[in-house]
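Biologist: I'd like to learn how to read a helical protein model. Could you walk me through one?

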Amino acid sequence: MWETFAQGESPYNRSTYRYTPLLAWLLTPNIYLSTVFGKILFIVCDVLSGLLIYRILRLRGLGSQTARRVSSLWLLNPLPMGVSSRGNAESILAALVLGTLLCMEGRHLTWAAILYGLSVHMKIYPVTYALPMALSLRTPETRAAEDKRGWRRFIGFIGSFLNAELFLFASVAGGVFCILTALFYYMYGWEFLHETYLYHLTRRDIRHNFSPYFYMLYLTADSRWSQWLGLAAFLPQLILLLAASWAFHSDLAFSCFLHTAVFVSFNKVCTSQGIWLGPAYFLEFEGYNAFLLIWLAGLLFLVVNCFILIQIIAHYKPTQTPQRPKVE
């Protein structure tokens, strides 16, 4: 793939490429410098993510020793080590999102917006962080307008979003995303939009998937309602994301964590390893009818994730963040 891309062809000539062309551009040194350049880049971003976690925790008031211990849970975790070293680009997105949160904590809104716009362009799902970010950027003066009653409360709520900080963030982040999207649409046309963004709205993967919706989508694959059922699967995600945004937007990092956990747990396409891998092997390689076992494994995964989330929320204690500096 990389050789043909370096010769000026589209990365979408490879049928399984579902990412922005920017990623392909970043990995062209694989051809000219070394075949392991991409893996080294991903590992560097992995280490950078650990450093960003440390800086975020320090800004939130944690001591140096505690912050080092927490960041080591990422740096010494064999799972991200394996994912990055085998050639998965997810660490780039992790570094972009953590960089956004760090800049938000430090009130460097311009840089936060640039990194956020870039992260949404790289993969569309960070767009879910937009609501808690918008809620967190409301100023104390505009939030006070919500204390009124009736229709004045509603007007106060809408008016709380009308401030210079939010306008700056939305303008810069939207501008970065739109410029990159327009550039690659000009270069690669509709294929870029479909493969990078729209494909993920209609993707179902009914052969290897431990989403709770997997078995339903498999059984209704030939139904005329199949496409609508796939879209309806986003509804529980949407409700939970809205609830998490409203309840915890004052703690942006925690709210974004909940968004990620909800998005993964309730997504209609989930692929991983563990207890699910056994029946998945028999389905894919041996041809056995293991759909029910795969679905049950997916339900167990959902139940465990929900239990963990409930425990985290139940034991959550808001931290007293130090006084934030002014916007830069």
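This is a predicted model: local features need pLDDT of at least 70, side-chain atom pairs count only at pLDDT 80 or more; totals for chains, interfaces and linings use all residues.

Biologist: Which residues of α17 are the buried ones?

Modeller: They are Leu-252, Phe-254, Ser-255, Cys-256, Leu-258, His-259, Ala-261, Val-262, Phe-263 and Ser-265. Among the elements covering these buried residues are α7, α9 (130–136), α16 (234–248) and α19 (291–314).

Biologist: What end-to-end span should the 14 residues of α17 have?

Modeller: At 1.5 Å a residue, helix α17 (residues 252–265) should span 20 Å, and its end C-alpha atoms are 20 Å apart, so the two agree.

Biologist: And what does the chain as a whole contain in helices and strands?

Modeller: The chain has 19 helices and 0 strands. Of its 328 residues, 39% are buried. Among contacts between residues at least 6 apart in sequence, 69% join residues at least 24 apart.

Biologist: How should I describe two helices that pack together?

Modeller: Two packed helices are described by the angle between their axes and the distance between the axes. Take helix α4 (residues 37–59) and helix α5 (residues 64–75): their axes come within 9 Å and cross at roughly 150 degrees. That makes α4 roughly antiparallel to α5, since angles over 145 degrees count that way. The crossing of α4 past α5 is right-handed.

Biologist: Which residues meet there?

Modeller: From α4 come Asp-46, Val-47, Ser-49, Gly-50, Ile-53, Tyr-54, Leu-57 and Arg-58, and they meet Ser-64, Ala-67, Arg-68, Val-70, Ser-71, Trp-74 and Leu-75 in α5. The residues of this contact divide into 8 nonpolar, 4 polar and 3 charged.

Biologist: Let me try another pair. At what angle do α18 and α19 pack?

Modeller: Helix α18 (residues 277–284) and α19 pack at about 155 degrees, with their axes 9 Å apart. They are therefore roughly antiparallel to each other, and their crossing is left-handed. Pro-279, Ala-280 and Leu-283 of α18 make the contact with Phe-291, Leu-293 and Ile-294 of α19. Its residues divide into 6 nonpolar, no polar and no charged.

Biologist: What about backbone angles?

Modeller: Most residues other than glycine have a negative phi. Here, Arg-107 has a positive phi of about 65 degrees although it is not a glycine.

Biologist: Where is Arg-107, and is Arg-107 buried or exposed?

Modeller: Arg-107 lies in the loop between α7 (90–105) and α8 (109–122). Arg-107 is buried, with a relative accessible area of 9%, because buried means under 20%.

How values were computed: Residues are numbered from 1 along each chain as its sequence is written. Side-chain values use heavy atoms; hydrogens and water are left out. Axes are lines fitted to C-alpha atoms, for helices over the stretch in contact, and angles run from 0 to 180 degrees between N-to-C directions. Helices (H or I, at least four residues) and strands (E, at least two) are DSSP runs, numbered from the N terminus. Angles under 35 degrees count as roughly parallel, over 145 as roughly antiparallel, 65 to 115 as roughly perpendicular and the rest as oblique. A crossing is left-handed if the near helix is turned anticlockwise from the far one by less than a right angle, and right-handed if clockwise. Contact means heavy atoms within 4.5 Å. Ala, Val, Leu, Ile, Met, Phe, Trp, Tyr, Cys and Pro count as nonpolar, Asp, Glu, Lys and Arg as charged, and the others, Gly among them, as polar. Buried means under 20% relative accessible area, exposed over 50%, partly exposed in between (1.4 Å probe, protein chains only). The expected span of a helix is 1.5 Å times one less than its number of residues.
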